[in-house]
Structure formats: C-alpha cells, structure tokens
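Subject: Structure for you to look at

Hi there,

Here is the structure I promised to pass on. Please have a look at it first, and then read my notes below with the model open beside you.

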Amino acid sequence: MSYQALYRVWRPQRFSDVAGQEAVTRTLRNALSQGNTSHAYLFSGPRGTGKTSAAKIFAKAMNCPHAQDGEPCNACEICEGITMGRLNDVIEIDAASNNGVEEIRDIREKANYAPTQAEYKVYIIDEVHMLSMGAFNALLKTLEEPPLNVVFILATTEPHKIPLTIISRTQRFDFRRISAGDIVERMAYILKEKAVDYEEDALLAIAKAAEGGMRDALSILDQALSFSNGLITLEETLRITGSITQDLLGEYVSSALNSDTEKGLELLHHILQEGKDANRLVDDAILFCRDLLIFKKTGEETVLKMSKADDRFKKLAEAAKADKLYEIIRVMNQTQQEIRLSSHAEVYLEVATVRLTQPSAHSQDPVVHGAPADSQELSALKGKMQQMQKMIEQLQESGAKGPAPKPAAVQARKPRKQQAFKVNNVQVFKILDKATKDDLNKLKDVWPDLIDYLPAGQKAIMKTSNPVAASPTGLVVTFDYDILCERASTDTFLLESIGDYLEKVIGHRAELCTVPSEQWPTVRQAFIKQMNGNGSADDSSGDDGQQDRQEDTAPAEEDALVSEAIGLFGKDIVQIKE
Ligand SMILES: [Zn+2]
C-alpha cells in the first residue's frame, strides 16, 4: 500500500474528533439530533481547520440510520461509503477546478433526482469562492428553490468573495484557527496510536509553525516522522519548520532589555546565517514578547501561545519592563510591514535591532506598572492622536491650497521634550557653504564599498545612510531614522573607521554631519534663505538656487509639520502620506 498522508489517515470521522471547533460542532450535532437541519450551509475559516471534514461528518450523520446524538456510527454501509467517497448521493466538488457554469447547471439538474441510496443528497462545494459569476447565479437559482432532500454545504477560506445573495441563503458557521494546545493534543493522540515517542517541545514547535491549521501541522509531523528514528525531537522539528528556539529568542529579547547592540546584532546574524526565515523570526519575536507580557501580568501558563514557562522564561518575564515589551512588539510589527514591501529583510531587521537595543526614553521616566499606568498611557495617546489629527488636516490643507500655516507658529507649539534628532545647523551650513557636486559624486562612488568595509555593528548603522552634500573637507549624510543619526554622530569608533577608509580611498578624511532624511529639505531651505539674507546669490548646494527656492517653499513648510509630528509621536507612529 502506498504511503498515505497523516492528515488523510487521521481525518476526523466524528464531530467529537474535530479539534478546536467545539462551538460549531455542538450546534451542528444539536441540529442533527433534533432533525432541525437547513438546506444550505456555509463553512468558512482558514485552511486546515476542519471545514470539509465537518462537512463529510455532517453528510454521514444526516444519512446514517444508526446516528446517535448527531454523530454517525461510521460502521454501516452508508457511513463507510461516504468515508471512502463511494456513495453517489454525497458529491464533493472542488470549485477551484470546477468553476464553470456547466457544472453547476449539472448540479441543478441532478439535484432534482431523488437520492438513490441515502435519505439526503449532499453537495459539498469546496473553495466555493472560486466559482465564476455565472456559476454563482446558477447556484443561487438552486438555493432559491431548494429541491427536497438536498443539502448544500459550501466551504471557503475567503467568504468575502462570495455574493451576499448566496450567503444570505445559507446558515453560516465560522471555523476558528485551532489553538496550539488543541493541535498538540491531537498530534500526541496520533503518535500514541502509532507508538512513536516525542519530545513535548517538538509538538509545540510544530503547532506554532502550523498557525492554527491542523492539516499543516500534520504534514509537518509527517516530515518529522520520516526523519525520526522512533523519536520526534525538538531539534529536528525546528530544522523542518525554520523556527527559532525559545532560548535564542530569549537571548535576543535580553539584548534589547540590556541595550546591548553588539549582542543583538550578533544573535540576529547568527539566526539568519542558520537559514532561518526573517518573517518567521519577526513572527516568533512578536508572539514571544506577547507571551512574556501576558505571563508578566497574569502569571498564568495556560494563556501562553507559543512559549514554555521554564525557569529562563519566568526570569525574563520578571525582569522585562512591560513598556519595553510593548516597544519590541511595536517595532517588530512595523518591521513586518517593511519586510513585506522590501527585498532587504536583513537591513530592516538590523535597523530594528539597533532601535530596540537603544536605552529607551521610557526607562528614564519613573514607570508605574499596572492598570492605572495603562489608562494614563491611553489618555496620553488619545491626546497625541488628536494633535496628530490636527496636523494631518493642516498638511492636507496646505497640500491643497498652497501656503501652509506659518512654521513659526508650529515652532512655538513645540513640546519641551523633543525626541527628534537635533541637527547641528552651524556645522552643516559650513559644509554646504563649500559644497561641490564633484566632492559629492566622489563620495557617492565609494559609499557602498565604505559600508561593506565597516564591521557588522557599524555597518548596520550606516546601511540606510545617504550622502547628500560634500565639501572638500566635510560631508552631510542623511539617515532614515533619527536614532541612527544619533548613533552615527556619537560613535567615535565608527567616525574613525570612516575617516580611515576615506583617507585611504579618496586621499582625505571628511568631517561627518548627520541629518534625518525628513529634516534635510528644511535644513537645506534654511541654508538657502541664510545665503540670500547675506546677499550672496551663490547657492553651491543646488543647481539652480532661484528655482529651488520657489518650488521648495511649500514642501519645506510641510516638512516642518512632518518633523514636528515625528517629534511628538516618534517616527514609528507617523506615516507620511503623499
Ligand atoms: Zn452509519
């Protein structure tokens, strides 16, 4: 006999075997045992959560002459016929490969013939959202005039793609993602039946990676079984799933708590070098911090999604400040979105690591833990949101009607505690005063090699840097993140390394000035204005000073608003929409 996938062999045959969908199966069983069934059902939910299994059990329970409490006997001819897919009265259709009108018309015609062996004809249409419009219309007609003794069960992972006219004619059941606990329990049951030993943590790792889908979990378990010698180990399952061990995650989070950038980057590179997936790392880090946070607040082990409450975990939960855990979750969430849109996952993870290993602003404030602090934070946040709303309106107005509100007024409202990076205008202006295109081009040419030349920690800081102006002795570099500006301008080892390299390659060192990307147009504008005030028409930083000046006016004022907003809310909250 050829090998059969676990998820086929172990497909649940009774409602009580369907893992993690108690609410759905209870309702279905009640309806069946009370003879109170409907003629059309919609089973929606993520893949591998038991929709088609439940549909087949339902078909059996409706037709089994020995059904009890809404469960089929699984022993009679009808039950076995349905299990084996042999009974003509239970028809499974995969809409992904049958999206034509003809097939549904066919259903319509055949549905009108009475069932031959069973009491009810049951049509199970999987991935029903894949039907064409014409097919939906044909299906709708059937649902509008349901033939006697015919039941439709429509299953879908994407209910929003199904016409409302169809949905409104069905009784809908939503299948949830299956909890890790339920998946582990089912796998443990299967392994016990197969007499295969396993490490507890191995099953948890599989359940985590399966993200609530039993079919995925069982296919990972299949792979693990084929590698195992009678024992499913954590190490092997981590290798198969590309997941990261809890100990490594713990160390990574510790490096953030201890503001240890070197260690954080070292761990990151170690993880990536092992071939772990960047997305998986971000996912795991978010879930891990979520678990730490919840364990910290509740002390409950049962609420943990992916972690094991071992000694190291408990110590870490105790040591970690809630604020820092929130911050890690926030930064990782943002990183997740950035990674999705970029092919440079590693760079974003490095930036995230550098950000997270900075001593956070919060840690300087006395932090009150518990509910009062939360509500304080909440109202502070609400206040900020309102201010932000105003700023967005101002930005929109200025975008639409030309002149923006005066930057001077904005300046006056600046909060005392300014978190945005403070640009050293005097130094920058000195460079701009002597800036030439030649000097800039020379540096731009060597910049990628320079970054490559730097050690890992320094490389991570400089990766998003961009030279924007250069004089024979100085250089202005912009960074996407304020925090990196800060780091680059204070890291003496970095500045030394850059100087050494430039001396070797272009023959002289250059004084480095850092400016956040958002502030650069404003800084440049201020320089041009000053030049004008001094009666000098020579704008060496641009090709055409006069033209720049007119075009830059509105954007520069917008920039002021943007950097104001960033100062108030932090870069990760403010998103600049064009
Ligand atoms: Zn039966």
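**A loop residue with positive phi**

S259 sits in the loop between α12 and α13; helices (H or I, at least four residues) and strands (E, at least two) are DSSP runs, numbered from the N terminus. Please keep in mind that this is a predicted model: local features need pLDDT of at least 70, side-chain atom pairs count only at pLDDT 80 or more, and totals for chains, interfaces and linings use all residues. Residues are numbered from 1 along each chain as its sequence is written.

The phi of S259 is near 50 degrees, a positive value in a residue other than glycine. S259 counts as partly exposed because it has 15 C-beta neighbours inside 10 Å. (A residue is buried if 20 or more other C-beta atoms lie within 10 Å of its own, exposed if 12 or fewer, and partly exposed in between; C-beta atoms are placed from the backbone.)

A195 also has a positive phi, near 55 degrees, and is not a glycine. You will find A195 in the loop between α8 and β6 (197-198). With 7 other C-beta atoms within 10 Å, A195 is exposed.

**The chain overall**

The chain holds 26 helices and ten strands. Of its 578 residues, 37% count as buried. Among contacts between residues at least 6 apart in sequence, 76% join residues at least 24 apart; two residues are in contact if their C-beta atoms, placed from the backbone, lie within 7 Å.

Helix α12 covers residues 246-257, and at 1.5 Å a residue its twelve residues should span 16 Å; the end C-alpha atoms are 16 Å apart, which agrees. (The expected span is 1.5 Å times one less than the number of residues.)

Which residues of α12 are buried? They are Q246, L249, Y252, V253, S255 and A256. The elements covering them include α13 (261-273), α14 (278-298), α15 (311-319), α16 (322-340) and α17 (345-356).

The axes of α12 and α14 come within 10 Å and cross at roughly 75 degrees. Here axes are lines fitted to C-alpha atoms, for helices over the stretch in contact, and angles run from 0 to 180 degrees between N-to-C directions. That makes α12 roughly perpendicular to α14 (angles under 35 degrees count as roughly parallel, over 145 as roughly antiparallel, 65 to 115 as roughly perpendicular and the rest as oblique). On the α12 side the contact is made by L249, Y252 and V253, and on the α14 side by D284, A285, F288 and C289. These residues divide into six nonpolar, no polar and one charged. (Ala, Val, Leu, Ile, Met, Phe, Trp, Tyr, Cys and Pro count as nonpolar, Asp, Glu, Lys and Arg as charged, and the others, Gly among them, as polar.)

**A five-stranded sheet**

Next, an open sheet of five strands has the order β2-β3-β4-β1-β5, with parallel pairing; two strands pair if DSSP finds at least two bridges between them. β2 (90-94) and β5 (171-174) stand at the edges with a single partner strand each, so one side of each is left without a neighbour in the sheet. Neighbouring strands of this sheet are turned by 15 degrees against each other on average, direction ignored.

Within the sheet, β3 (residues 121-126) and β4 (residues 150-156) pair in the parallel sense over five bridges. The bridge partner of I125 in β4 is L154.

β8 and β9 form a hairpin with three residues between them. They run antiparallel and are joined by four bridges, with N466 partnered by T478 in β9. Four of the five residues of β8 (residues 466-470) are buried, so β8 is largely enclosed by the rest of the structure.

β9 (residues 474-479) also pairs with β10, in the parallel sense over six bridges. V477 stands opposite T514 in β10. Five of the six residues of β10 (residues 511-516) are buried, so this strand too is largely enclosed by the rest of the structure.

**A link to the start of the chain**

Lastly, I190 lies in helix α8 (residues 180-193). I190 is partly exposed, with 17 other C-beta atoms within 10 Å. Leaving aside neighbours within four places in sequence, I190 is in contact with L6 and W10. The C-alpha atoms of I190 and V9 are separated by 10.0 Å, although the two residues are 181 residues apart along the chain.

Best wishes
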